[in-house]
Amino acid sequence: MTGPAGPGAAPEVDAAAAPAVDPAEEEIARRLAARPESPAVWCADLHKRYGKRTAVAGVSFTVGRGEVVGLLGPNGAGKTSVIKMLLSLVRPDAGEVLLLGRPARDPAARARVGYLPELFRYQPWLTAAEVLALHVRLSGASVPDGERRACLAAVGLADRARDRVGGFSKGMQQRLGLAVALVARPELVVLDEPTSALDPVGRADVRDLLLELKARRVAVLLNSHLIGEVERVCDRVVILDRGRVAAAGSLSELLGQRELRLRLTGVGPAAQARLAAAGGLTRDGDESYTVALAGDRPDEVPALVEDLVRLGVRVHAVEPARISLEERLLGILRARDGGPRP
Ligand SMILES: Nc1ncnc2c1ncn2[C@@H]1O[C@H](COP(=O)(O)OP(=O)(O)OP(=O)(O)O)[C@@H](O)[C@H]1O
């Protein structure tokens with residue numbers, strides 16, 4: 001696993017979580033490995049208590065290969081505890097974890113996982129290039145110089161490679177953390193609040209990086225409080241509350257069908273057919289149309305508008321209508337308020 005190492009790094013690691021492969025997990029791994037493609041993350045019934053406090057009370061979910069899954073929930077919901085259990089940085093009281101079809105503590109699985117922790121610090125006397133080189137060495141992967149430089153460039157640190165990390169701002173350290181998580185060509189990347197210290201441009205850069213990972217079929221588990229960000233990049237979302245899964249599903253499952261309200265003039269039969277092809281079509285007045293979009297492609301709306309214009313339609317207004325993930329999240333959490341605390 002590539003993630004911060006050395007003095008000052010990962011201070012909350014549970015020392016009791018020594019590598020050891022559980023025979024029950026081995027058996028599950030053997031069965032999953034026989035399937036055409038085992039999920040990137042599989043966890044079942046995870047539990048964790050810290051003293052009297054229950055942090056995680058029976059969490060199960062999967063992240064498929066090449067899938068981007070968002071882990072959401074209020075402060076203290078158990079997100080970081082779940083992530084640390086997935087990565088064997090904290091030992092679960094109960095439950096099982098497989099990463100890439102192997103038991104989570106298996107070094108062969110860990111070597112293919114990139115991790116950006118929520119809290120980290122790098123050795124301040126090293127340069128960014130040296131930090132990256134150190135983590136490449138730790139991962140056992142062979143990553144040529146040019147690829148490492150490209151990785152720093154991808155997180156916007158191309159011209160800071162030779163600068164010492166001690167002089168980096170918080171956001172620059174977070175960018176370096178991302179480069180560390182990505183440098184050893186992981187098949188699964190776990191990012192715990194990767195944009196908390198980033199400016200708007202940095203956030204947009206991370207969004208692009210995530211989409212690029214998705215295109216390369218790298219699985220991503222993303223813990224973020226920036227719900228708009230999650231909504232834009234994630235295929236699926238797992239919402240935790242008080243240590244339990246409060247809801248999980250794809251964005252269309254959680255948010256319902258996307259609708260598009262349009263105000264159009266000059267709609268001929270061809271344009272009418274194009275509108276109907278986009279989904280269920282209703283005409284609400286002379287110029288008002290509503291399309292219940294059948295697909296969930298990100299370019300669905302611009303493609304439709306482009307076609308309509310080509311067909312001679314004058315497009316006066318296009319208004320997407322769907323409950324936002326933020327509204328949905330708040331709805332779920334409020335409905336659970338007063339529910340049982342673990
Ligand atoms: N090392 C620890 N020792 C004691 N309690 C802990 C420890 N780590 C987490 N907890 C407790 O477990 C619960 C879940 O914490 P966790 O950090 O997993 O939540 P989170 O969803 O990641 O929160 P946030 O969004 O604030 O980062 C909290 O009540 C927290 O106080």
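UniProt positions are given here in the numbering used for this chain, and an annotation may be inferred rather than shown by experiment. With that noted, I looked up the record: an unreviewed UniProt entry marks residues 41–267 as "domain: ABC transporter". I am working on a predicted model.

**Entry: the whole chain**

I began with the overall make-up. The protein chain has 342 residues, and 38% of them count as buried. I found 12 helices and 14 strands in its secondary structure. Then I looked at contacts between residues at least 6 apart in sequence: 74% of these join residues at least 24 apart. For the annotated span, residues 41–267, I get 33% helix and 30% strand, with its end C-alpha atoms 48 Å apart.

**Entry: around the ligand**

Which residues are closest to the ligand? I noted Tyr50, Ala55, Asn75, Thr80 and Ser81, out of 12 residues that surround it. Two elements give two or more residues to this shell, strand E2 (53–63) and helix H2 (79–86). H2 gives the most, with three residues. I also sorted the shell by class and got three nonpolar, six polar and three charged residues.

**Entry: nonpolar cores**

Next I went inside. The largest nonpolar core has 76 residues, and the members touching the most others are Leu86, Leu99, Ala179, Val190 and Val220. Helix H6 (residues 170–182) gives the most to this core, seven residues in total. There is also a second, separate core of eight residues, including Leu260, Leu262, Leu264 and Val291.

Setting aside neighbours within four places in sequence, I see leucine 99 in contact with Val41, Leu86, Ala104, Ala109, Val113 and Leu188.

**Entry: helix H5**

In helix H5 (residues 145–154) I marked Arg148, Cys151 and Leu152 as buried. Why do they sit on the same side of H5? They cover an arc of only 95 degrees around the axis, so they share one side. As a general point, an α-helix has 3.6 residues a turn, so residues three or four places apart point the same way. The buried residues of H5 pack against helix H4 (128–139) and H6. Just after H5 I came to glycine 156, where phi is positive, about 80 degrees.

I placed aspartate 45 in strand E1 (residues 41–50). Aspartate 45 counts as partly exposed because it has 13 C-beta neighbours inside 10 Å.

Serine 88 is not a glycine either, yet its phi is positive at about 60 degrees. I found serine 88 in the loop between H2 and strand E4 (94–99). Is serine 88 buried or exposed? I counted 23 C-beta neighbours inside 10 Å, so serine 88 is buried; the cut-off for that is 20 or more.

**Entry: aspartate 208**

My last stop was helix H7 (residues 200–215), which holds aspartate 208. Aspartate 208 has 12 C-beta neighbours inside 10 Å and therefore counts as exposed; the cut-off here is 12 or fewer. I also checked aspartate 208 against alanine 154: the two are 54 residues apart in sequence, and their C-alpha atoms are 9.6 Å apart in space.

How values were computed:
Residues are numbered from 1 along each chain as its sequence is written. This is a predicted model: local features need pLDDT of at least 70, side-chain atom pairs count only at pLDDT 80 or more; totals for chains, interfaces and linings use all residues. A residue is near a molecule or strand if its C-beta atom, placed from the backbone, lies within 6 Å of it. Helices (H or I, at least four residues) and strands (E, at least two) are DSSP runs, numbered from the N terminus. Ala, Val, Leu, Ile, Met, Phe, Trp, Tyr, Cys and Pro count as nonpolar, Asp, Glu, Lys and Arg as charged, and the others, Gly among them, as polar. Two residues are in contact if their C-beta atoms, placed from the backbone, lie within 7 Å. A nonpolar core is a set of buried Ala, Val, Leu, Ile, Met, Phe, Trp, Tyr and Cys residues joined through C-beta atoms within 7 Å. The arc is that of the directions from the helix axis to the C-beta atoms.
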